[in-house]
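Biologist: I have a model open and want to learn how to read it. Can you take me through a few features?

Modeller: Gladly. Let us look at it together.

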Amino acid sequence: MLSNFKEHSWRFAIGGWGAFVVSVILFLIFYYDLYLMLGLLTAAIILTIANAIFVFYTKRKTKVGEK
């Protein structure tokens, strides 16, 4: 399943959300800070948006190159 992860176009978003989930769980266990968790959520959302722009740009670029 993870053998093709390095070539996956959404790997940064998946890694960002995975890091968000792990860090929220650890913060809930050891140190509860709502504002820090909201900051991590904002970072994960921004990373997902940036990755979506990158994926759509590269797909558009390859379609233009095929013509």
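Biologist: Which residues are exposed on the other side of H1?

Modeller: Keep in mind that this is a predicted model. Exposed means over 50% relative accessible area, and buried means under 20%. Ile29 and Phe30 are exposed on the other side of H1. The buried residues of H1 are Ala13, Gly16, Phe20, Ser23 and Val24.

Biologist: Why do residues three or four places apart point the same way?

Modeller: An α-helix has 3.6 residues a turn, so such residues point the same way.

Biologist: How many residues does H1 have, and how far does it reach?

Modeller: H1 has 20 residues. From first C-alpha to last, H1 reaches 28 Å, close to the 28 Å expected at 1.5 Å a residue.

Biologist: Now the rings. How many aromatic pairs does a search of the whole structure find?

Modeller: The search finds two aromatic pairs. Planes over 60 degrees apart count as edge-to-face. Tryptophan 10 and phenylalanine 56 are edge-to-face, with 6.5 Å centre to centre and 80 degrees between the planes. This pair links distant parts of the chain, 46 residues apart. Tryptophan 10 lies in the segment before helix H1 (11-30), and phenylalanine 56 lies in helix H2 (residues 34-66).

Biologist: Is phenylalanine 56 buried or exposed?

Modeller: Phenylalanine 56 is exposed, at 55% relative accessible area.

Biologist: What is the geometry of the rings of tryptophan 17 and phenylalanine 20?

Modeller: Their centres are 5.6 Å apart and their planes are at 90 degrees, so this pair is edge-to-face. Tryptophan 17 and phenylalanine 20 are three residues apart in helix H1, separated by about one helical turn. Tryptophan 17 is partly exposed at 31%, whereas phenylalanine 20 is buried at 17%.

Biologist: One more feature. Which residues form a nonpolar patch on the surface?

Modeller: The patch is formed by Val21, Val22, Ile25, Leu26, Ile29, Phe30 and Tyr31. Together they have about 740 Å² of accessible area. Ile29 and Phe30 are the exposed residues we started with.

Biologist: Where is isoleucine 25, and what is its relative accessible area?

Modeller: Isoleucine 25 is in helix H1. It is partly exposed, with a relative accessible area of 45%.

Conventions. Residues are numbered from 1 along each chain as its sequence is written. This is a predicted model: local features need pLDDT of at least 70, side-chain atom pairs count only at pLDDT 80 or more; totals for chains, interfaces and linings use all residues. Side-chain values use heavy atoms; hydrogens and water are left out. Rings of Phe, Tyr and Trp (its six-membered ring) pair if their centres lie within 6.5 Å; planes under 30 degrees apart count as stacked, over 60 as edge-to-face and the rest as tilted. Helices (H or I, at least four residues) and strands (E, at least two) are DSSP runs, numbered from the N terminus. Buried means under 20% relative accessible area, exposed over 50%, partly exposed in between (1.4 Å probe, protein chains only). Patches are made of residues with over 30% relative accessible area and no salt bridge: like charges are joined within 9 Å, nonpolar side chains (Val, Leu, Ile, Met, Phe, Trp, Tyr) within 5 Å. Accessible areas come from the Shrake-Rupley method with a 1.4 Å probe; for residues, only the protein chains shown count as cover. A salt bridge is a side-chain nitrogen of Lys or Arg within 4 Å of a carboxyl oxygen of Asp or Glu. The expected span of a helix is 1.5 Å times one less than its number of residues.
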